Amino acid sequence: MTLAFSTLGCAGDPLETVLDLAKANDCSGLELRAADEEFTHIGLTPVERRTLRSRIEDAGLEILAVDSYVHLCGVEEQPLTEHLELAHDLGARGVRVFMRDDPKDDDAPADSPTPGELRAMDRVQQASTEVSVLLETHDTHSSGRSLAGFCGLLDREVPSHNARVIWDAAHTRRTGETPAESLELLRPWLEFVQIKDHDSGQDFKPVRIGAGDYPIGDLLRALDGTDYQLSLEWERKWHAELPPLAEALPATRAWIAR
C-alpha cells in the first residue's frame, strides 16, 4: 500500500519542508490542511493556486484532500463552496468535512435524520460534483454505522451526489467497531483511510507510533486485496508531545511492515 500524510503533522511549515518529507519517505500523496496560517487556504490567488498545484504535481504527489474545518451539519453558513473551488483549482480529489451535528432529540425516531443531517444533505445536493465532499468519521459521526447511515440517506435522496468517505480508523475503533466491521459498513463510499496509533487506556490519546494499542494488523488484514490509500493523520498540531513527522513517517512504514 502507498502512504500519504496530512500536513496537520507539520502545521505551519512551508511547502518546501512538506515536499522534502514526502520525498525522503517515499510518500505518494498529501492531505493539505486548509487554514489561514497555512500555505493552503481559500484566500490564495489564482496565480498562487496554479503555482502550488504545479509544485506538488512536479514532485509526483497527489492531493488526496483539502482538509477543511467545514461543519456540514452546522446551522450557520459554511464555506463549503469556497473550499470546493480551492480543491478543484489544486487538482485535489475533494474537500474533507466534518458532520459535527447537535445531539439527537431523545423523542425522535431512531431511523429518522436529524435537522443537522438534513442541512448536510442540502449542502451536498447544492455542491459542485467536480470534486468530492469527503465525509470523515469524526465527532458525532465517528462510527462507520452512523456515517454509513447518512451516506445511505444521500444515495436515496440525492442520487447524483459526489460525497465520499474518509475512514479515520482510530475514531471508528473508539466506537467499538472492529476494522473489518467498519470497512464493511463504509466500503460503498470509501475514498481512503487515515491511520495513527493511540492508547485506549488513556481515552484513545494519540501516541508515538508503536507505543499504543491500535490493532494495525487487524486493519491491514481487513484491507488485504484492496487498493485504498493509507494516510498518516499525525495530530502534532494538537498534541505537541508527539514526535515530528520526520520520525513518525518511517516509524509508520515499520509499523505497517510488522
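Begin by selecting strand S5, residues 132–136, which is mostly covered, since five of its five residues are buried (under 20% relative accessible area with a 1.4 Å probe, protein chains only); strands here are DSSP runs of E of at least two residues, and helices are runs of H or I of at least four, numbered from the N terminus. This is a predicted model, in which local features need pLDDT of at least 70, side-chain atom pairs count only at pLDDT 80 or more, and totals for chains, interfaces and linings use all residues. Residues are numbered from 1 along each chain as its sequence is written, and side-chain values use heavy atoms, with hydrogens and water left out.

Show the side chains of S5 next: Ser132, Leu134 and Glu136 on one side, and Val133 and Leu135 on the other, are all buried. In a regular strand the side chains alternate between the two faces of the sheet.

Strand S4 (residues 94–98) pairs with S5 in the parallel sense over four bridges, and Arg96 stands opposite Leu134. Strand S6 (residues 163–168) also pairs with S5 in the parallel sense over four bridges, with Ala163 as the bridge partner of Val133. From S5, the chain crosses through helix H5 (residues 144–157) to S6 in a right-handed β-α-β crossover, that is, clockwise from the first strand over the helix to the second with the strands pointing away from the viewer.

Finally, select Leu8, Phe98, His138, Glu235 and Trp238, which among the 13 lining residues lie nearest the centre of the second largest pocket. A pocket is an open set of points on a 1 Å grid over the protein atoms alone, where a 1.4 Å probe fits, with protein on both sides within 12 Å along at least five of seven lines, and lining residues have an atom within 4 Å of a point. Strands S3 (62–71) and S4 each supply at least two residues of this lining.

Terms used: Buried < 20%, exposed > 50% of the residue type's maximum accessible area, 1.4 Å probe, protein only. Pairing = 2+ DSSP bridges.
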